[in-house]
Amino acid sequence: MESSAFTFDALPMLNEHGAPRTPIAARPAHLDLVDKVMAEEGKTTLLFTGPLTDLARALDAEPAIEEKIETLFWMGGSLDGHGNVVDPCFDGTAEWNAFWDPEAVKRVWDSSLEIHMVGLESTEELPLTRELCQHWAELRRYPAIDLIGQGYALVLNVAANNVYYLWDVLTTVYCLHPEIAEVERVLRRACGRRGRGAHVSLRRGSRGHARDARRPRALLRARRRARDVRGSGAVLRRIDPDPPHGADMNIQIFGTKKSFDTKKAQRYFKERRIKFQFIDLKEKEMSKGELQSVMRAVGGIDAVIDPDAKDQDAVALITYLAESQKFDKLLENQQVLREPIVRNGAKATVGYCPDTWKGWE
């Protein structure tokens, strides 16, 4: 990834005018932010696609700016407890922008700012696809689109066996055009331990999803999920800090309508008046991030495969593949998943597990 950054910086179209002439700010970033916000007659909308360090320091340096900020749009945090930090000695639940400075996240969360959070789950609805790259290629007559296409081509080259998501792009577009997303208020809570590894956990609520005028395949998928209140989302302003019974549970039930155990799982939560989201795997499969989160919770890939699944050919194929190939094949053949899969944030179960669910309450 580092080599891609150097290559992008060296592209001729970015260097035809010589060295950058942008003046360096006279004051540190957080104080420069204070100056600019306070100088405006009205309120300012802020967009952060990285750690919240400078905003937290600005709030400490001049608390009055809180009343001068209209809204904060932030790409960061995680709503279901699965993260993208893979450093040794950490459990994988932290999202990078929160992980980098958790104290800053707490400082901002403790303010009265209206926060639109585009969490890791939302951005994972928008992977960088070959279809999208082809769309840019067809529009390369426009210099800005040509630059975008070349930049993302470098990422595809480096991350050949990984999925790259449009994290900052989604957040920026949502900031400029809020109508592309469907959002809902949720309880917000900054938690975790002090120091590296602390993370933001947000519970109780449905998620926001992107849609787009051009509607490439990835965006259509996100919009369809939005109709079922599934996927990931945006966090709006703070609501009642005292959640009702079951509010700390964020239950998702993945299964099929014909599965007897899936019906029993739905009945279990209905009888206890615990809200849940049912996702029919015949209509909408699990995303890569969702399936990885479940596997981490239940002990690996073997625990999520139903050895008695109807499609025995797929079961046999996945069983005898090399370990490095099993996950991708399972992602393509979710008809062999054991049902139901029940998620509660970073926790998960496979099959009918009422004793475990009682512990969640």
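Here are some questions and answers about this predicted model.

User: How many helices and strands are in the chain?
Analyst: Happy to start with the overview. The chain has 361 residues, and 47% of them are buried. As for its secondary structure, the count is 15 helices and nine strands.

User: What is the strand order in the open sheet of three strands?
Analyst: Good one to look for in the structure. Strands of a sheet pair through backbone hydrogen bonds, either parallel or antiparallel. In this open sheet the pairing is parallel, and the order is β1-β2-β3. The strands that pair on one side only, at the edges, are β1 (44-48) and β3 (115-118).

User: Which residue in β2 is the bridge partner of Leu 47?
Analyst: Strands β1 and β2 (residues 69-75) run parallel and are joined by five bridges. For Leu 47, the bridge partner in β2 is Phe 73.

User: What angle does the direction of helix α9 make with that of β2?
Analyst: Helix α9 spans residues 167-176 and packs on the sheet, where it touches β1, β2 and β3. Its direction and that of β2 make an angle of about 155 degrees.

User: Is Thr 349 buried or exposed?
Analyst: You can find Thr 349 in strand β9, residues 347-350. Its relative accessible area is 5%. The cut-off for buried is under 20%, so Thr 349, at 5%, is buried.

User: Which side chain does the side chain of Thr 349 join in a polar contact?
Analyst: Leaving out residues up to four places away in sequence, Thr 349 touches several residues, including Val 298, Pro 340, Trp 357 and Trp 360. A polar contact of 2.9 Å links the side chain of Thr 349 to that of Trp 357.

User: Why does Thr 129 count as partly exposed?
Analyst: Thr 129 sits in the loop between α6 (120-123) and α7 (130-138). Partly exposed lies between the buried cut-off, under 20%, and the exposed one, over 50%. Thr 129 therefore counts as partly exposed because its relative accessibility is 22%.

User: What separation lies between the C-alpha atoms of Thr 129 and Tyr 165?
Analyst: The side chain of Thr 129 reaches the backbone nitrogen of Leu 132 at 3.1 Å. Tyr 165 is 36 residues from Thr 129 along the chain. The C-alpha atoms of Thr 129 and Tyr 165 are separated by 8.9 Å.

Note on methods:
Residues numbered from 1 in each chain as written. Predicted model: local features only at pLDDT ≥ 70, side-chain atom pairs only at ≥ 80, totals over all residues. Heavy atoms only, no water. Helix = DSSP H or I, 4+ residues; strand = E, 2+ residues; numbered from the N terminus. Buried < 20%, exposed > 50% of the residue type's maximum accessible area, 1.4 Å probe, protein only. Polar contact = N/O pair within 3.5 Å; in protein donor to acceptor, adjacent residues only side chain to side chain. Contact = heavy atoms within 4.5 Å. Pairing = 2+ DSSP bridges. Axes fitted to C-alpha atoms, helices over the stretch in contact; angles between N-to-C directions.
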